[in-house]
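Hi,

Here is the structure I promised to pass on. Have a look at it first, and then read my notes below.

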Amino acid sequence: MKVSTQIMRIALLCFSFLLYAQIAEAQQKNVAHVVQGGETLYSLARLHHTTIDKILSINPGLTVESLQAGQTILLPTGGTAGSPTTHVVSKGDTMWNIAKRYNITVDELVAVNPAMRQEDYKLKKGSVINIPTSTTAGNGPTQAAAPVSKTVGIAFLLPMKATGIEGERSVEFYRGFLMAADKVRGNGRDINIYTYNEDADQSTVATILNKLRAQKPDVIIGPVYPTHFTEVANFAKEQQIRMIVPFSSKAWQVHTTPQLCLLNTPTKYQQIFTADLFLKSFKIRNAVFMHINNANEQSFTQQLKARLNATGVTTTIYNLDAPLTQLKSACAKNKQTVIVPDSSDPAVLRQILYKIKLFKAQYPKYKVSLFGYPTWLEHEEALREDLCAVDTYIYTNTFYNPYSHGITEFNAQYKAWFNADPLDVTPRMGLLGHDLACHLLQGLFTYGKNFTTQRAGTGMLQSNMHFAATEVGGGLVNNSVSFIHYKSDKTIEQIQSR
């Protein structure tokens, strides 16, 4: 309805032939690359028009965590991948006008030029920089942008009639979107919203997609059920319609469908984006990785440790139950040391806070900070004083601050519109829908179909949304991450990625 996504000699001979063929192929299609400081598998994959999995497949033993500056690895240059476009810097060039000239965003330009992340970086006349090739970038300077439509169509495919929390979350997400849409609509802009209930039954999806074929929306928000991802993704690819999966982070179709966007960032990408912001935010010489028995975040800490070592930061392993004197020897006096535990278990958090508070009291000249995980935010109200006492930073994609004027106003308006209070869940579903609408609608009206690669939208309350490509031929993931800083003066600040 319309209411406004597999005899010994023979085996040995066969093996030798295959090995020879693989070596020959590698010699023909792969080139050696010396890893530069700040480069990641993500940025290398984008620059060389390939995938992270492909790079790993031709570099036995290489992992995301083991990549280090100065290391020589192979990068693929065969297949459809071409040589990266380069640009010779001229007098007067800025990152902004170069990005505009090649029809890319500044974020995309920085992603393939790691040196640009340095605070003192300056463009120098005559220097050569990389220009990414993406779905939005051409092979040269662009012509004037086409006019942007004043009418956009959004189709919802959500289980809004489902019973229990599944349906409740979908309804609240939808309501939040409508609230923001009401603010964006007007001044000659119109929004057509097509709403369809998603049943768990597979057979109903085809009927809905036939209707959407005629309605031709700009964006499909949904589905929620993983059994429907492939069918809707194929439709979105065929029809060139943007598809946003709002809740799941495990839609593998994002690797094969350029039109697909994941609002909930997959773990491996969230780790990369968090490490990027960590390196940008902390100018430190020391980091201590606190080990806890039955740790559940070793994948994250191993990657972060490798990234820090690559940039010259000294890292030390400290066991939670070890004496404070060992922690003291790992820290730098009068210089900031960041402590990163390898467990996000809230039950262990109190022990960590107690240990660091004890250390700070016994060794006041040592400046230490704690770095932790999104799940801690669910307990921040009870632990806020201790979080501030140890100078804590928590990374997250969403942050609900009940004391902010914007959120207070949203909650009151939600109750007035729907005669109900928002669900007490993380993230807040109504705000998630609201913020997606702010990014999506304002982006569509300003940039048209290229809205996902832009820092579009204002007025977001819980999520500062932005999307980045996963790989050539793949879709996009939300790469917005921020650090919630509980400062020793008992104030809280949000440090956002840019």
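**What I found**

Q240 is found in the loop between helix α8 and strand β8 (242-245). Keep in mind that this is a predicted model. The phi of Q240 is near 55°, which is a positive value in a residue other than glycine. Most residues other than glycine have a negative phi, and most peptide bonds are trans.

K490 also belongs on the list: its phi is near 70°, again positive and again not in a glycine. You'll find K490 in the loop between β17 (482-486) and β18 (492-496). With 61% relative accessibility, K490 counts as exposed, because the cut-off for that is over 50%.

Then there are the cis peptide bonds. One joins G222 and P223, with omega at about 5°, and P223 sits in the loop between β7 and α8 (229-239). Another joins T426 and P427, where omega is about -5°. P427 lies in the loop between α14 (405-418) and α15 (429-447).

Now for strand β5 (residues 151-158). Seven of its eight residues are buried, so β5 is largely enclosed by the rest of the structure. From β5 the chain crosses through helix α6 (residues 165-184) to β6, and this β-α-β crossover is right-handed. β5 and β6 (residues 190-197) run parallel, joined by eight bridges. β5 also pairs with β7 (residues 219-221), in the parallel sense, over three bridges.

Cheers

Conventions. Residues are numbered from 1 along each chain as its sequence is written. This is a predicted model: local features need pLDDT of at least 70, side-chain atom pairs count only at pLDDT 80 or more; totals for chains, interfaces and linings use all residues. Side-chain values use heavy atoms; hydrogens and water are left out. Buried means under 20% relative accessible area, exposed over 50%, partly exposed in between (1.4 Å probe, protein chains only). Helices (H or I, at least four residues) and strands (E, at least two) are DSSP runs, numbered from the N terminus. Two strands pair if DSSP finds at least two bridges between them. A crossover is right-handed if, with the strands pointing away from the viewer, the path from the first strand over the helix to the second runs clockwise.
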